Amino acid sequence: MKFNLKVKAEVKVANISGASCEKATIEYPLLWEYKAVLQNEVSAKEKIENLLKNENFKIEFSKFSKGGKFISFKICVFVRDEKHKNAIFELLAKISKIVL
């Protein structure tokens, strides 16, 4: 899927000296990028596609692990708000070894 969306995000960086640490401000809706690592099998990409079939998303192969046991994908999902973003993360975590 191709996205043609204008996204605006404002991120505040924490002051390293410790004097001020502010939470990043994210303006939704926007495209959120996840990285998922799954067991390397023929149906790995299909598992993600089926899981996100009701979402507006784009998936790209990223790489195979050094030994070939795992496969990773970059997944961009149009998320409405933080709750939606976290729900997608939880869905991906159910089928993945690692989600970033």
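Student: Which strands does helix α1 lie across?
Tutor: Helix α1, residues 44-51, lies across β1, β2 and β3. Its direction is at about 20 degrees to β3. Keep in mind that this is a predicted model.

Student: Okay. How many helices and strands does the chain have?
Tutor: There are two helices and four strands. Read from the N terminus, the elements come as β-α-β-β-α-β.

Student: And what is the order of the strands in the sheet?
Tutor: The order is β2-β3-β1-β4, in an open sheet with antiparallel pairing. At the edges are β2 (57-64) and β4 (98-99), each of which pairs on one side only.

Student: What holds paired strands together in general?
Tutor: Strands of a sheet pair through backbone hydrogen bonds, and the pairing can be parallel or antiparallel.

Student: Back to this one, then. How many bridges are there between β1 and β3?
Tutor: Ten bridges, with β1 covering residues 30-39 and β3 covering residues 70-79. The two strands run antiparallel.

Student: Which residue in β3 stands opposite W32?
Tutor: That is V77.

Student: Changing topic: how many salt bridges are there?
Tutor: The count is three. One of them joins E41 and K47, with the closest N and O atoms 2.4 Å apart.

Student: What about E60, which residues does it form salt bridges with?
Tutor: E60 forms one with K58, where the closest N and O atoms are 3.0 Å apart. E60 forms another with K74, at 3.7 Å. Together, K58, E60 and K74 are linked in a network of salt bridges.

Student: How accessible are the residues of that network?
Tutor: They are partly exposed: E60 has a relative accessible area of 29%, K58 has 32% and K74 has 28%.

Student: And for the whole chain, how much of it is buried?
Tutor: Of its 100 residues, 24% count as buried. The chain exposes about 7200 Å², and 53% of that comes from carbon and sulfur atoms.

Student: Last one: among contacts between residues at least 6 apart in sequence, what share joins residues at least 24 apart?
Tutor: The share is 64%.

Definitions and conventions. Residues are numbered from 1 along each chain as its sequence is written. This is a predicted model: local features need pLDDT of at least 70, side-chain atom pairs count only at pLDDT 80 or more; totals for chains, interfaces and linings use all residues. Side-chain values use heavy atoms; hydrogens and water are left out. Two strands pair if DSSP finds at least two bridges between them. Contact means heavy atoms within 4.5 Å. Axes are lines fitted to C-alpha atoms, for helices over the stretch in contact, and angles run from 0 to 180 degrees between N-to-C directions. Buried means under 20% relative accessible area, exposed over 50%, partly exposed in between (1.4 Å probe, protein chains only). Accessible areas come from the Shrake-Rupley method with a 1.4 Å probe; for residues, only the protein chains shown count as cover. A salt bridge is a side-chain nitrogen of Lys or Arg within 4 Å of a carboxyl oxygen of Asp or Glu.
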